Amino acid sequence: MAFTISFLSTPAVLLGLVAFIGLVAQKKKGTEVMTGTFKTIIGFMIFSSGGSIMTGALQNFNTMFQKGFHIVGVVASPEAATALAQSQFAFVTSCTLILGFVMNLVFARITPFKNIFFTTGHSLFFACVLALILKAHKIADIPAIIIGGLILGFVSAALPQLCQPFMREMTGGDAQAIGHFNMIGYALAGYIGKIFKKHKDKTTEHINFPGWLSVFRDFLMGVAIVMLFLFYLSAFKAGPAEVQKLAGSTHWLVFPLIQAFTFTAGMSILMTGVRMFLSEITAAFVAVSEKFIPNSRPALDVPTVFPYAPTAVIVGFISSYVAGLLGVLVMVLLKFPVVIIPAAHICFFSGGTAGVFGNSTGGWRGAIAGSFVAGLLLAFLPVLLYPVYGSLGIQGSTFPNIDYNVIGNLLNGILTIFHIGG
């Protein structure tokens with residue numbers, strides 16, 4: 001059991017196995033099989049390392065921003081909520097994850113939804129959400145695992161289909177899908193972008209910057225400048241004492257500089273890893289698809305779409321984060337029972353991806369509008385399920401992603417209406 005859980009929770013190894021099977025099925029030479037498999041694993045690990053570096057920097061930004069602007073509430077970060085859930089319901093969560101992966105393959109084989117979900121970290125988060133809701137209704141472990149596994153397997157195959165028309169538009173083909181449980185939000189951003197379809201050609205990547213802003217034409221330079229501004233804004237608001245607690249032996253004025261450039265370096269590493277493993281896995285997956293699940297495609301993490309509109313990622317991040325902060329203001333003014341604080345790393349990856357989808361159909365206007373709506377959903381949807389988690393003693397964090405909350409609220413509503421369980 002421990003081996004299986006560890007295996008399914010390590011996407012680099014899982015993708016490496018798929019590459020290995022695909023290359024063997026194509027009857028490649030031993031050296032080609034080894035090279036393709038290793039490049040897939042190494043490329044994904046480079047990609048993951050870049051993402052971890054970026055997330056670490058953004059978590060420091062979260063701390064400074066909340067201290068500086070005196071924001072008190074629940075940080076919408078699935079990592080912390082998952083740790084709390086795993087401590088109480090590890091068996092149900094782990095078994096739901098395993099059954100969900102198996103059922104994903106089954107549903108991809110027998111339904112028109114031909115997507116194999118490989119972002120296993122997100123699958124683990126979703127397994128936690130499902131387990132918590134089912135256990136809150138006092139459903140026994142085995143029925144909870146079966147119900148949760150079936151739901152997880154189905155949504156893993158079906159939800160990427162919502163985004164596939166936009167993926168075809170962006171990538172020019174049907175070889176890959178998006179695998180990240182904000183897919184309802186990304187599809188919505190794509191449809192919102194269509195409102196501005198007359199301006200589709202005026203994309204974020206073709207903005208005519210004036211001479212003094214021409215540096216923004218270089219994606220990494222643009223990222224570095226934006227993050228420098230945001231980090232120093234937060235640092236000055238937080239003050240020397242609070243920043244120095246995070247900075248350790250580094251001077252508090254140097255710390256924001258290092259963090260902004262660390263984030264930018266992480267982005268560069270991430271993009272390098274994406275290019276490396278994506279070319280290997282898509283080529284190898286063709287054979288897997290033909291042999292075992294005809295016409296299937298891998299559903300991969302969101303940075304795989306970043307290269308198609310990198311400036312839209314930054315636009316989407318800023319727009320969704322502004323929406324989240326607006327959500328905080330509304331919650332405070334209306335005296336919500338809980339205030340959901342947007343996590344910068346969630347807004348970057350989720351809001352940034354919504355920006356790419358909105359940009360694909362409505363140019364820079366679609367990027368701003370689509371990611372703004374996604375940011376509002378990330379802020380307000382978690383409020384509805386927070387009391388359910390609280391009933392199990394899980395407080396202080398929650399699951400922000402749109403798909404978790406849409407599906408989770410539907411499940412909770414059905415269980416409540418029909419008095420299923422406790």
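User: In this predicted model, is Asp-174 buried, partly exposed or exposed?

Analyst: Asp-174 counts as partly exposed, at 34% relative accessibility. The limits that decide this are under 20% for buried and over 50% for exposed.

User: Which residue does the side chain of Asp-174 meet in a salt bridge?

Analyst: Side chains of opposite charge can pair when their charged atoms come close. Here the partner is Arg-168, with 3.1 Å from N to O. Arg-168 is likewise partly exposed, its relative accessibility being 38%. A network of salt bridges links Arg-168, Asp-174 and Arg-297.

User: How many salt bridges are there, and which residue pairs with Glu-169?

Analyst: The count is five. Glu-169 pairs with Lys-200, and their closest N and O atoms are 2.5 Å apart. This pair connects distant parts of the chain, 31 residues apart: Glu-169 belongs to helix α6 (residues 141–171), while Lys-200 lies in the loop between α7 (183–193) and α8 (219–238). Glu-169 is partly exposed at 45%, and Lys-200 is partly exposed at 30%.

User: What separates the side chains of Asp-141 and Lys-135, and is Lys-135 buried or exposed?

Analyst: Asp-141 and Lys-135 form a salt bridge with an N to O distance of 2.7 Å. Lys-135 has a relative accessible area of 17% and is therefore buried, whereas Asp-141, at 32%, is partly exposed.

User: Which residues do ring pairs link into a cluster, and which residue lies over the face of Phe-69?

Analyst: The cluster consists of Phe-61, Phe-65, Phe-69, Phe-231, Phe-263, Phe-306, Phe-317, Tyr-321, Phe-348 and Phe-349. Lys-237 lies over the face of Phe-69, 5.2 Å from the ring centre.

User: Which members of the largest nonpolar core touch the most other members?

Analyst: That core has 125 residues, and the members with the most such contacts are Phe-126, Phe-181, Met-227, Phe-306, Phe-348, Phe-357 and Phe-399. Helix α12 (residues 344–390) gives the most to this core, with 17 residues. Beyond its neighbours within four places in sequence, Phe-357 contacts residues including Cys-163, Phe-166, Met-167 and Tyr-186.

User: How does the span of helix α3 compare with the span expected?

Analyst: Helix α3 (residues 30–69) has 40 residues and reaches 58 Å from its first C-alpha to its last, close to the 58 Å expected at 1.5 Å a residue. His-70 follows α3 and has a positive phi, near 55°.

Notes: Residues are numbered from 1 along each chain as its sequence is written. This is a predicted model: local features need pLDDT of at least 70, side-chain atom pairs count only at pLDDT 80 or more; totals for chains, interfaces and linings use all residues. Side-chain values use heavy atoms; hydrogens and water are left out. A salt bridge is a side-chain nitrogen of Lys or Arg within 4 Å of a carboxyl oxygen of Asp or Glu. Buried means under 20% relative accessible area, exposed over 50%, partly exposed in between (1.4 Å probe, protein chains only). Helices (H or I, at least four residues) and strands (E, at least two) are DSSP runs, numbered from the N terminus. The expected span of a helix is 1.5 Å times one less than its number of residues. A nonpolar core is a set of buried Ala, Val, Leu, Ile, Met, Phe, Trp, Tyr and Cys residues joined through side-chain atoms within 4.5 Å. Contact means heavy atoms within 4.5 Å. Rings of Phe, Tyr and Trp (its six-membered ring) pair if their centres lie within 6.5 Å; planes under 30 degrees apart count as stacked, over 60 as edge-to-face and the rest as tilted. A charge sits over a ring if NZ of Lys or CZ of Arg is within 6 Å of the ring centre and within 35 degrees of the ring normal.
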